[in-house]
Amino acid sequence: MKKSFIILITFLVSTLSFSQNKFGNPEVDPIQIQKTYPEWSVYQNKKIMLSRDFTALDEASKEITKEAFLDKLANENYIPIRLKSEESAYFYKLFKILPKTDTSIKATINQIGFDAYKNYKMEGTAFPKFSFKDLDGNLVTNESMKGKIIVIKCWYIHCTPCIREFPQVNKLVSAYKDRKDIVFMSLAEDSAEQLKTFLARKPLLYSVIPDMKVYMNESLQLNSFPTHFILNKEGMIAKVLPNFESLEVALEKESKL
């Protein structure tokens, strides 16, 4: 009887341990990473990419939808941590933000979650109708772009993060130069005259469309820059992305479809 009881307890402990760890353990200490804002920020920027495809887990390690995961980041009191796994597998789990954690961490996570949730909800919808002329006088419309993957960068001259990624996005254009079915264009808030002066000093290999402030504010409802869109060949939004790193990953995947 005693032996059977010991076996039962061992089984229950083993089952509980498996349920907690079948997805892997956190790659960083969830408590330690909350100690300072700089330490958390470095981890968040380098390791957490909410635009990618990932398995979403709640604080009890239960699988939830990506939408529910992002909603909790935007509106509740959680920090996302990646679990240890194979290089190509991504498991993000929610951990409670501790009472003594810097309030700036929670505020920033809520904002990141809000933006990621908003971007995610745009995926699979049609990109708003457009008829633009770029700085070279070329007309681009929804109809003329059908059958192509369109990469769109939304920016303005005085946006420091937008300008900082110019060298990276230019390399991306060069990397896909032989793909005639991939088009790179950018929407800028500034006037044609301002852009021509600016781009003479800091070249951008995308086609550039001026005077897009109203379109970006009203049609796209953007409140964060840079923002990148990838449209599939049917003109639907495949991804909405906050930076070059996430753009590079998403475009590689879309280009293989």
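1. Helices (H or I, at least four residues) and strands (E, at least two) are DSSP runs, numbered from the N terminus. Lys239 lies in one of these elements, strand E11. The structure is a predicted model, in which local features need pLDDT of at least 70 and side-chain atom pairs count only at pLDDT 80 or more, while totals for chains, interfaces and linings use all residues. Residues are numbered from 1 along each chain as its sequence is written, and side-chain values use heavy atoms, with hydrogens and water left out.

2. The surroundings of Lys239 deserve attention. Lys239 is buried, with a relative accessible area of 13%; here buried means under 20% relative accessible area, exposed over 50%, and partly exposed in between (1.4 Å probe, protein chains only). Not counting residues up to four places away in sequence, Lys239 touches Ser51, Arg52, Asp53, Lys66, Glu123, His228, Phe229, Ile230 and Ala250, where contact means heavy atoms within 4.5 Å. A polar atom of the Lys239 side chain lies 2.6 Å from the backbone oxygen of Ser51.

3. Which residue meets the side chain of Lys239 in a salt bridge? The partner is Asp53, at 3.6 Å, N to O. A salt bridge is a side-chain nitrogen of Lys or Arg within 4 Å of a carboxyl oxygen of Asp or Glu. The pair links distant parts of the chain, 186 residues apart: Asp53 is in the loop between H2 and strand E1 (55–57), and Lys239 is in strand E11 (residues 237–241). Asp53 is partly exposed, with a relative accessible area of 45%. By the rule stated above, the count comes to ten salt bridges.

4. Asp181 takes part in two of the listed pairings. Its side chain meets that of Arg179 at 2.8 Å, N to O, in a salt bridge, and a salt bridge also joins the side chains of Lys233 and Asp181 (2.9 Å, N to O). Lys233 lies in the loop between E10 and E11 and Asp181 in the loop between H6 and E8, so this pair ties together parts that are 52 residues apart in sequence. Asp181 counts as buried at 18% relative accessibility, whereas Arg179 is partly exposed at 28% and Lys233 is partly exposed at 32%. Elsewhere, salt bridges that share partners join Asp53, Glu123, Lys239 and Lys253 into one network.

5. Four strands form an open sheet with mixed pairing, in the order E2-E1-E4-E3. Two strands pair if DSSP finds at least two bridges between them. The edge strands, each pairing on one side only, are E2 (63–64) and E3 (78–82). E3 runs antiparallel to strand E4 (residues 91–96), and five bridges join the two; Pro80 has Leu94 in E4 as its bridge partner. Helix H2 (residues 37–47) packs on the sheet, touching E3 and E4, and its direction makes about 55 degrees with that of E3. For that angle, axes are lines fitted to C-alpha atoms, for helices over the stretch in contact, and angles run from 0 to 180 degrees between N-to-C directions.

6. E4 also pairs with E1: the two run parallel and are joined by three bridges. Thr55 stands opposite Phe91 in E4. Is E4 mostly covered or uncovered? E4 is mostly covered, as five of its six residues are buried.

7. Helix H6 (residues 166–175) has Phe166, Val169, Asn170, Leu172 and Val173 as its buried residues. Seen down the axis of H6, these residues fall within an arc of 155 degrees, so they line one face of the helix; the arc is that of the directions from the helix axis to the C-beta atoms. Lys171 and Ala175, on the other side of H6, are exposed. The buried residues of H6 pack against several elements, including strand E7 (149–155), helix H5 (160–164), strand E8 (182–188) and helix H7 (192–201).

8. Most residues other than glycine have a negative phi, and most peptide bonds are trans. The peptide bond from Phe225 to Pro226 is cis, with omega near -5 degrees; Pro226 is in the loop between helix H8 (213–219) and E10. Ser61, in the loop between E1 and E2, has a positive phi of about 65 degrees although it is not a glycine. Ser61 is buried, with a relative accessible area of 9%. Asp211 likewise has a positive phi, near 55 degrees, and is placed in the loop between strand E9 (207–209) and H8.

How values were computed. Polar contact = N/O pair within 3.5 Å; in protein donor to acceptor, adjacent residues only side chain to side chain.
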